Amino acid sequence: MDSSDTTAGELARGEALFKSPCIFVKGVVSIDDLPKDGRPEIAFAGRSNVGKSSLINALTGRTSLARVSVTPGRTRELNFFTLGKDAELYLVDMPGYGYARVSKAAVKGWTRLIREYLRGRRELKRVFLLIDARHGLKPNDKETMTLLDEAAVSYQAVLTKADKPKKTELEETVAKVEAELGKRPAAYPQVLVTSARTGMGIPELRAAVASLAPNGVVP
Ligand code: GDP
């Protein structure tokens with residue numbers, strides 16, 4: 001959580017990476033349509049309304065990148081964006097889970113897509129699991145964590161909307177989430193605390209993404 005954990009070099013690398021082009025490539029609705037070019041993938045997942053679009057837009061410094069891709073009808077796709085001066089990695093905007101206002105069949109369809117993707121994707125280097133700082137971990141967040149633990153996919157928790165709770169409440173939520181992560185084999189132990197609204201934690205999250213980019217291609 002502490003920004004002092006991230007070095008100036010790491011922050012600069014993150015800033016440079018996110019200044020480079022970020023381009024929407026495609027929305028994937030079926031596992032057969034996943035890109036086949038082998039680029040490393042970094043995915044963003046979370047409950048619907050967690051603030052994922054806002055966070056991706058804050059990271060990339062574009063006001064409408066994620067929203068453009070998440071026009072109605074495309075919300076259940078895995079949206080792939082290339083990032084980097086040589087488009088060396090994919091950011092993957094995953095469909096939000098826990099959205100109630102759709103049919104059970106639709107929920108089943110895209111839950112399966114999410115599960116298949118998270119389970120069997122060699123290119124997937126890390127999942128940033130977004131958690132609303134006002135609500136903390138919900139049962140479906142824990143289900144996702146279990147899925148990622150079982151699939152041995154590395155993941156890191158990111159609190160969103162950290163401008164909302166009071167400082168003491170925020171500290172409590174961070175402590176609770178870290179306690180849960182400590183029990184989980186595939187989880188990165190530290191929580192990143194962010195706000196798309198104030199920019200809190202955004203440089204650190206950029207640095208975390210950059211640390212996963214292929215070596216040597218990012219300044
Ligand atoms: P998504 O469904 O996960 O993509 O969530 P959105 O990015 O569309 O955000 C959902 C709601 O949360 C919107 O009303 C946003 O304005 C609000 N929101 C998103 N990020 C923040 C934040 O950092 N702080 C606050 N206070 N609200 C936020």
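**Note on the predicted model: fold, cores and ligand shell**

1. The protein chain contains seven helices and seven strands; helices (H or I, at least four residues) and strands (E, at least two) are DSSP runs, numbered from the N terminus. Along the sequence, the order of these elements is α-β-β-α-α-β-β-α-β-α-β-α-β-α. This is a predicted model, in which local features need pLDDT of at least 70 and side-chain atom pairs count only at pLDDT 80 or more, whereas totals for chains, interfaces and linings use all residues. Residues are numbered from 1 along each chain as its sequence is written, and side-chain values use heavy atoms, with hydrogens and water left out.

2. On the chain as a whole, 49% of the 219 residues are buried. Here buried means under 20% relative accessible area, exposed over 50%, and partly exposed in between (1.4 Å probe, protein chains only). The chain exposes about 10,600 Å², of which carbon and sulfur atoms supply 52%; accessible areas come from the Shrake-Rupley method with a 1.4 Å probe, and for residues only the protein chains shown count as cover. Among contacts (heavy atoms within 4.5 Å) with a separation of 6 or more, 76% join residues 24 or more positions apart.

3. The largest nonpolar core comprises 36 residues, and those with the most contacts inside it are L78, M94, Y117, L118, V127, Y155 and L159. A nonpolar core is a set of buried Ala, Val, Leu, Ile, Met, Phe, Trp, Tyr and Cys residues joined through side-chain atoms within 4.5 Å. Two or more residues of this core come from each of β2 (41–46), β3 (78–83), β4 (89–93), α4 (104–119), β5 (124–132), α5 (139–151), β6 (155–160) and α6. The largest share, five residues, is given by α4. Apart from this core lies another, of 24 residues, including I42, L83, L205 and A208.

4. Two residues illustrate the packing. Leaving aside neighbours within four places in sequence, Y117 is in contact with I31, L34, E41, A43, L78, F80, V92, M94 and L124. V92, in strand β4, is buried with a relative accessible area of 0%. Not counting residues up to four places away in sequence, V92 touches E41, I42, A43, F44, L78, N79, F80 and Y117. The C-alpha atoms of V92 and L78 are 6.4 Å apart, although 14 residues separate the two along the chain.

5. T173 belongs to helix α6 (residues 167–182). The residue is buried, with a relative accessible area of 14%. Beyond its neighbours within four places in sequence, T173 is in contact with A133, G136 and L159; L159 is also listed among the residues with the most contacts inside the largest nonpolar core.

6. The shell around the ligand has 13 residues, of which K52, S53, S54, D163 and A196 come nearest; a residue is near a molecule if one of its heavy atoms lies within 4 Å of it. By class, the shell has two nonpolar, five polar and six charged residues. For this count, Ala, Val, Leu, Ile, Met, Phe, Trp, Tyr, Cys and Pro are nonpolar, Asp, Glu, Lys and Arg are charged, and the others, Gly among them, are polar.

7. A polar side-chain atom of S54 lies 2.6 Å from a ligand oxygen atom. Taken alone, the ligand exposes 590 Å², and the protein buries 74% of that.

8. Helix α2 (residues 52–60) gives the most to the ligand shell, with three residues. This helix is mostly covered, with seven of its nine residues buried: K52, S53, L55, I56, N57, L59 and T60. Just after α2, G61 takes a positive phi of about 70°.

9. Most residues other than glycine have a negative phi. A152, which is not a glycine, has a positive phi of about 55°. A152 lies in the loop between α5 and β6 and is exposed, with a relative accessible area of 65%. K161, also not a glycine, has a positive phi of about 60° and lies in the loop between β6 and α6.

Terms used
Polar contact = N/O pair within 3.5 Å; in protein donor to acceptor, adjacent residues only side chain to side chain.
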